[in-house]
Amino acid sequence: MTYQFALVGNPNSGKTSTFNQLTGAKQTVGNWPGVTVERKSGKLRKAKEITIQDLPGIYSLSPYTPEEVISRNYLAEAPIDAVLDIVDGTNLERNLYLTLQLLEMGLPTIVGINMIDLLKRKGIQINFEKLSYGLGVPVVGFSALKQHGLNKLIDAAKKKAGNGDSVVVYDSRLEAALAEIKALLPEEISESKRRWIAIKLFEGDELIRQQVTLTPSNEKELAEIIKITEMIFDEHSDAIIVNERYEFIQQLLALATIKEEEYRLSLSDKIDRVLTHRLLALPIFAFFMWGIYFLSIQTIGTMGTDWVNDVLFGSWVPDILQQLMNQWQVAQWLQELIQDGIVAGVGAVLGFVPQIFVLFFCLALLEDCGYMARIAFVMDRLFRKFGLSGKSFIPMLIATGCGVPGVMASRTIENEKDRRLTVMVTTFMPCSAKLPIIALISGAFFPESSWVAPSAYFIGMGAIVLSGIALKKTALFAGDPAPFIMELPAYHLPQLGTVLKSAIDRAVAFIKKAGTIIFVACIFIWFTSSYNFTFDRVGEEESILAFFGRLLAPIFAPLGWGTWRGAVATITGLVAKENVIGTFGILYGQSGVSETGTEICQVLRGDYTPVAAYSFLIFNLLCAPCFAAIGAIHREMGDSKWTWLAISYQCGLAYCASLIVYQFGHIFFEGGQLTVGTLAALIVLGLLLFALIKRPQQKNSPLLQVVGEVVGGEK
Ligand code: GDP
């Protein structure tokens, strides 16, 4: 038995290579009649009974180029047993367009997917069986170049020979039109060709129109069918067919191919493998935060701050103001108010603008590139272990800017107990107003250590996590964590505009506050620290402020900084945390030294030991936040009992933490003696550890029952 096979394919699909491999040197070369298109045929090397006719490389079977006309005339008329459709596997979508047209012709077709050697390198996987199922014809993968799979191709062609059915079916509305057109065709057209002719007539193929003779009434009906179908699809008839073919191809590709890029780990996933790693995630985060604090507080930001403190508010502003005031003969007391109160206080606060700017610039970078979302995810994993939800991390993240929106962000937590818990602990994070305190203490007492400033961040976070663990064990807050599902955005390069805006917004808000609330507070502090109760101008030590400061100072003595100035600074910090620095600026500025930042540092070093200063930092970090944030806590808690509970908890924890740090630190690092304070610190440490490790409470303890009843009738 002899076979006639036709080789069809897109240009560059490897048709010539395949033809040469199959036929070897025994080729007949000539021209197609009437055109200069090369015509080649040959007998199969290994089976002489098989003749292969090579057709020109084409993309389509439309009537527009000589190659297409030759090919389709040959395919329509020559006695072919099978068509070998050579498809470039790396270009399936474009190549299958021709395949579909071969199937539309009802030809017995075998699809040979060539270049399978390249598929792997291009990251494409083709399931030949599924493709074969979708097309309804055999599909064989092979490589003409590597001479692999060619025998299988020929075997499949032999099996398929003469059997031209296909399962390619388009949209039912189009199929209905095609069926109607088929019915109009003259009877002498064979069944196998009727569908293809119908498609061509529908497309408006001029050559076929000329070949098929229709009765005038059938002509009219054909036009009618096309018109109606075009109206249904709202598309020109040839476009309808093209769209249907591509639609079919899309479905085929979805069925039978996988592009590696679709399941390969994206770059983001790869980065996440490291950045959200179970063990590495937190150390990496700590390293980033250290870097940020190092840049903003220790290096770049400090250069700006030193300039603002030493040059701008150290000489320029006071000198210019002094000249003006001398010229205008301003009263002495007003001169002092302006220089020693406002310039010293507000100036000390404004000195931190460069550091704030750099810090928030860096934080915005991490946020904008998508890293912070990962941290929420990592925190969720950590928090969940202790019964907290990662949702609590979002308010904390926001609180690094300002506690007020941070507390408000807790609204997203549905579970009331978790929300209250979050509201209570969120302000432990160092906000922008606490940053100057951190910067001042770390700069003045620990200029050599780059870990002191970021440690404030970790202490804030640690206080939150440990509070969460301990409080979750109490009946007031017990319960399962709310589920937290968050989609991690892909990493991307941060947008400079967004990042800059975020940093500028923070800096501007900080400056505005310095010009309003801090300004007023500085006037108040200057006045109360310059006058006594009978409004006589006195030295600082005899002032109203010193009187009240001394009343409070003993409370803070066990923490190592029981001076009236430290006590007053802490209290004014409740109005706004920047006031701590403003107060220091005024109080330490007046003690005979100028008010610039560097000099405040020197005087501070005279008043406190480094451990005491660190204890001061911890207390101011953790104690009740400023009035604005307390207001926010009150709004979110919904009643004053819960608000008082929150404030008491914050101040209590701050006191305990500072006590432990000072008492032990003083002994270990500063050669201090064991005192009653040490014993107290030991007891407090023991109690805190007990709160952390004790088993969760099923029933309220007597103490908690009392608290529960007081704060809201919790039983
Ligand atoms: P035609 O235009 O369809 O006749 O394609 P050719 O036979 O001229 O091949 C086009 C290009 O594809 C040539 O550079 C061939 O070497 C290359 N090629 C053909 N088959 C394969 C194959 O199986 N693997 C690879 N890697 N390249 C191939």
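Surface patches were assembled from residues with over 30% relative accessible area and no salt bridge, like charges being joined within 9 Å and nonpolar side chains (Val, Leu, Ile, Met, Phe, Trp, Tyr) within 5 Å. Accessible areas come from the Shrake-Rupley method with a 1.4 Å probe, and for residues only the protein chains shown count as cover. The model is predicted, so that local features need pLDDT of at least 70 and side-chain atom pairs count only at pLDDT 80 or more, whereas totals for chains, interfaces and linings use all residues. Residues are numbered from 1 along each chain as its sequence is written, and side-chain values use heavy atoms, with hydrogens and water left out.

One nonpolar patch on the surface is formed by Trp307, Trp316, Ile320, Leu324 and Trp328, which together have about 580 Å² of accessible area. Trp307 belongs to helix H15 (residues 300-327); helices (H or I, at least four residues) and strands (E, at least two) are DSSP runs, numbered from the N terminus. With a relative accessibility of 40%, Trp307 counts as partly exposed, a class lying between buried (under 20% relative accessible area) and exposed (over 50%), with a 1.4 Å probe and protein chains only.

Helix H5 (residues 128-135) contains the buried residues Leu131, Gly134 and Leu135. Viewed down the axis of H5, the buried residues fall within an arc of 90° and therefore line one face of the helix, the arc being that of the directions from the helix axis to the C-beta atoms. Exposed residues Glu129 and Tyr133 are carried by the face of H5 turned away from its buried side. Cover for the buried residues of H5 (contact means heavy atoms within 4.5 Å) includes helices H3 (92-104) and H11 (237-256) as well as strands S6 (109-114), S7 (124-126) and S8 (139-141). The N-terminal end of H5 is capped by Asn127, a side-chain oxygen of which lies 3.1 Å from the backbone nitrogen of Glu129. Just after H5, Gly136 adopts a positive phi of about 75°.

A total of 18 salt bridges is present in the structure, each defined as a side-chain nitrogen of Lys or Arg within 4 Å of a carboxyl oxygen of Asp or Glu. One of them joins the side chains of Asp54 and Lys15 (2.9 Å, N to O). This pair links distant parts of the chain, with Asp54 in strand S4 (residues 50-54) and Lys15 in helix H1 (residues 15-23), 39 residues apart. Asp54 and Lys15 are buried. A salt bridge is also made by the side chains of Arg72 and Asp205 (2.7 Å, N to O). Arg72 is situated in helix H2 (residues 66-77) and Asp205 in the loop between helix H8 (191-203) and helix H9 (206-211), so the pair ties together parts 133 residues apart in sequence. Arg72 and Asp205 are both buried.

Arg209 pairs with Glu219 in a salt bridge whose closest N and O atoms are 2.8 Å apart. Arg209 counts as partly exposed at 30% relative accessibility, and Glu219 counts as partly exposed at 31%.

Most residues other than glycine have a negative phi. Asn12, although not a glycine, has a positive phi of about 70°; Asn12 is placed in the loop between strand S1 (3-9) and H1 and is exposed at 70% relative accessibility. Asp234, likewise not a glycine, has a positive phi of about 55°. Asp234 occupies the loop between H10 and H11 and is exposed, with a relative accessible area of 67%.

Note on methods. Polar contact = N/O pair within 3.5 Å; in protein donor to acceptor, adjacent residues only side chain to side chain.
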